[in-house]
Amino acid sequence: MVAPPPHVRDTRPIGVSSESSGTSAAYLLVLEGESSWRFPLPAEGVVLVGRDDKADLKLKDESVSRRHARILVTEEGARVVDLGSQNGTTLNGQHIEEARPLMSGDVVAFGAVVAVVRARHRPMPARRALEAERWMGQLREEVERALRYGRPLTVLALALEAPSAAGREAVEAVLSSDAGPAEAAGWLDGEHLLWLLPEVSGEPGEEGLGERVEALLAASPRARLGAATCPSDGCDAETLVAAARMAARTATPGGFASAVEGVTRLTLAERTVLVADPAMAQLYALLRRLAASELPVLVCGETGAGKENAAFAVHHWSRRASGPFVPVNCAALPEGLVESELFGHERGAFSGATATRVGFLESAQGGTVFLDEVGELPASAQAKLLRALESRRITRVGDTRERSIDIRVVAATHRDLEAEVAAGRFRQDLYFRLGAATVLLPPLRERPREVPMLARDFLERACAALGRRELVLASGTLHALARHSWPGNVRELRNLMDYAAAAVTGDVVEPHHLPARMLGGKAPAQAPSVEVETQEPLAAQAARPRIPLAQEIRELERKRMIEALEASEGVQTRAAEMIGMPIRTFSFKLKQFGLHPRVTRRGSSTE
Ligand SMILES: Nc1ncnc2c1ncn2[C@@H]1O[C@H](COP(=O)(O)OP(=O)(O)OP(=O)(O)O)[C@@H](O)[C@H]1O
């Protein structure tokens with residue numbers, strides 16, 4: 001008799017539910033014991049966390065107290081408070097003593113149970129006072145401006161080592177002497193400060209970031225600092241803040257780290273897996289722990305989300321690493337031959353069986369078999385698979401002898417297997433056996449931090465493979481990638497970058513090189529044939545001679561600025577106001593376009 005898996009809560013692959021449109025609300029990705037699962041947060045209300053029967057987020061782990069912590073969600077955001085638990089609650093590795101605001105990307109631990117906060121579209125601003133909310137509002141506006149005008153912007157995050165009034169005062173003294181008029185800074189809570197630096201790109205040698213880092217560290221020598229830049233680390237306020245704070249977490253006390261340093265590159269034999277999202281980092285840590293056991297693992301996630309990589313990680317980190325890793329796409333097994341493919345057959349077992357064939361399970365002897373799309377297995381094969389896994393023996397088709405097998409099974413599905421069980425399409429006993437440990441991989445649209453870094457990495461590798469000069473992604477392109485909903489997930493992004501490397505002739509991938517569906521229009525909910533969809537528009541666009549969009553925009557901007565300067569008789573602030581451009585950007589562009597405000601007066605030359 002097989003016990004049901006420990007997770008009885010929401011184990012649907014994220015995005016498979018009605019939330020697949022990309023408008024998912026806030027939730028916690030909970031990692032407890034051998035599994036990860038999702039706990040949706042209410043729009044407003046109190047969530048009691050603990051082992052108590054009355055707990056809303058009911059945990060089983062012994063390290064969790066009955067009434068462990070409380071999460072309070074209001075329209076102003078969410079806060080977590082420990083309820084005097086035995087083993088305590090930590091937020092991003094630090095014990096919490098009083099109520100603390102939660103933001104997307106935060107990692108909360110209730111005893112040994114970890115939960116990662118996710119809020120894709122609904123920000124969870126900290127609101128110790130109105131300050132943080134106002135700050136986030138300003139950041140959103142600045143991000144929009146930066147993207148509209150193709151300007152850089154950096155978010156600097158500071159984490160005090162030991163929060164104290166004196167420590168905060170020392171930092172505030174730096175702010176009052178060093179912060180420019182356009183720069184905003186605010187305390188997120190008692191120990192985290194965020195500083196918004198428009199026009200700062202974080203490039204080495206650039207003025208702006210280095211001086212501020214030095215000044216802050218001089219005032220608070222044990223603080224940790226992190227920075228994230230728009231658009232290369234993210235194209236929305238929440239992603240940038242999460243990336244900057246995560247970078248600060250990776251810095252040593254008295255040190256600084258940029259967001260790009262928070263990217264982990266896992267080398268798994270010849271595979272490279274990039275991880276930057278905090279939930280993905282926790283999931284890969286879970287996979288590493290699971291690898292040490294012999295438990296079967298079920299990986300759930302949308303198509304192209306990286307399920308095979310996750311399965312391979314389990315194999316690679318296990319004692320079976322020197323054995324074979326055998327991937328089997330259950331959806332592609334020819335009908336009528338499923339059993340012979342899985343278990344093998346003897347010569348003459350059926351017409352066409354001209355030779356004896358070892359099946360996939362047997363060929364994974366000593367290693368791991370990866371049953372991809374296991375939800376597609378026909379009922380008869382499900383029954384035989386269950387028997388084989390329980391007895392650890394198989395019988396080839398047309399044979400009477402049983403053979404013992406020593407394999408580990410990792411299965412994957414894009415389906416909601418619980419619903420398949422409920423609908424009678426998938427055997428419950430097989431589901432329980434395969435899902436002893438269940439890992440939910442979030443879709444790419446829910447890990448926006450990973451989009452730019454994966455895009456750059458895929459592009460670099462594709463260019464190297466073609467032996468061509470490196471390509472860079474224009475900021476408008478990064479913005480378009482950030483807005484896309486990625487129905488084909490990481491595979492769609494990789495295909496797009498492969499094609500860009502092959503099709504773009506210049507040095508820069510501009511927005512007009514992207515498929516039309518990624519520019520402004522809403523992406524279709526499903527894109528089953530990503531390859532075709534991404535290649536066609538690119539090829540069509542590349543064939544058409546046209547001015548690059550960025551150039552067209554520049555010319556239009558220049559023209560409008562000249563008109564506005566003429567109308568305002570050279571008064572820059574008025575001219576900027578007329579065309580709704582921030583004065584800082586206006587002055588910058590004036591220099592960039594080589595325009596001179598005075599000579600643009602009516603009747604004069606414009607340059
Ligand atoms: N974090 C990552 N870093 C680098 N490459 C990745 C990452 N995640 C996925 N990929 C790449 O994206 C592609 C799709 O990933 P993978 O095959 O693991 O997805 P999948 O969920 O198993 O897809 P399917 O549902 O179609 O089986 C692969 O080329 C894989 O190497």
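**Figure 1. Ala 269 in the loop between S17 and S18.** Ala 269 sits in the loop that links strand S17 (264–268) to S18. Its phi is positive, about 50°, although Ala 269 is not a glycine. The model shown here and in the views below is predicted.

**Figure 2. Asn 489 in helix H14.** Asn 489 belongs to helix H14. Asn 489 has a positive phi of about 55° and is not a glycine. Because 25 C-beta neighbours fall inside 10 Å, Asn 489 counts as buried; the threshold for buried is 20 or more. Helix H14 spans residues 489–503 and is one of the elements that supply at least two residues of the shell around the ligand.

**Figure 3. The shell around the ligand.** The ligand is surrounded by 17 residues. The closest are Thr 303, Gly 306, Lys 307, Glu 308 and Val 490. Strand S18 (271–275), H6 and helix H14 (489–503) each contribute at least two residues to this shell. By class, six residues of the shell are nonpolar, six are polar and five are charged.

**Figure 4. The parallel sheet with strand order S20-S23-S26-S19-S27.** Five strands make up this open sheet, and their pairing is parallel. Strand S20 (325–329) and strand S27 (437–440) form the edges, each pairing on one side only. Neighbouring strands are turned by 20° against each other on average, direction ignored. Strand S19 (residues 297–300) pairs with S27 in the parallel sense over four bridges. Here Val 297 stands opposite Ala 437 in S27.

Figure 5. Nine of the ten residues of H6 are buried, so the helix is largely enclosed by the rest of the structure. The buried residues are Lys 307, Asn 309, Ala 310, Ala 311, Phe 312, Ala 313, Val 314, His 315 and His 316. Lys 307 is also among the residues closest to the ligand.

**Figure 6. The mixed sheet with strand order S13-S14-S12-S15-S16.** Five strands form this open sheet, with mixed pairing. Strand S13 (184–187) and strand S16 (256–258) stand at the edges with a single partner strand each, so one side of each has no neighbour in the sheet. From one strand to the next, the twist averages 15°. Strand S15 (residues 224–230) and S16 run parallel and are joined by three bridges. Gly 226 stands opposite Ala 257 in S16.

Figure 7. Helix H3 (residues 209–219) lies across strand S12 (153–159), strand S14 (192–198), S15 and S16. H3 runs at about 160° to S15. Helix H4 (residues 237–250) lies across S12, S14, S15 and S16. H4 runs at about 150° to S15.

**Figure 8. The cis peptide bond at Pro 231.** Cys 230 and Pro 231 are joined by a cis peptide bond, with omega of about 5°. Pro 231 is found in the loop between S15 and H4.

**Figure 9. Helix H13.** The buried residues are Ser 475, Gly 476, Thr 477, Leu 478, His 479, Ala 480, Leu 481 and Ala 482.

Figure 10. An unreviewed UniProt entry places the feature "domain: FHA" at residues 47–96. Over residues 47–96 the chain is 0% helix and 46% strand. The end C-alpha atoms of residues 47–96 are 17 Å apart.

**Figure 11. The protein chain as context for the close-ups.** The secondary structure of the protein chain comprises 18 helices and 29 strands. Of its 607 residues, 46% count as buried. Among contacts between residues at least 6 apart in sequence, 68% join residues at least 24 apart.

Notes: Residues numbered from 1 in each chain as written. Predicted model: local features only at pLDDT ≥ 70, side-chain atom pairs only at ≥ 80, totals over all residues. Pairing = 2+ DSSP bridges. Axes fitted to C-alpha atoms, helices over the stretch in contact; angles between N-to-C directions. UniProt positions renumbered as here; feature names shortened; annotations may be inferred. Buried ≥ 20, exposed ≤ 12 C-beta atoms within 10 Å, placed from the backbone. Near = placed C-beta within 6 Å. Nonpolar A, V, L, I, M, F, W, Y, C, P; charged D, E, K, R; others polar. Contact = placed C-beta atoms within 7 Å.
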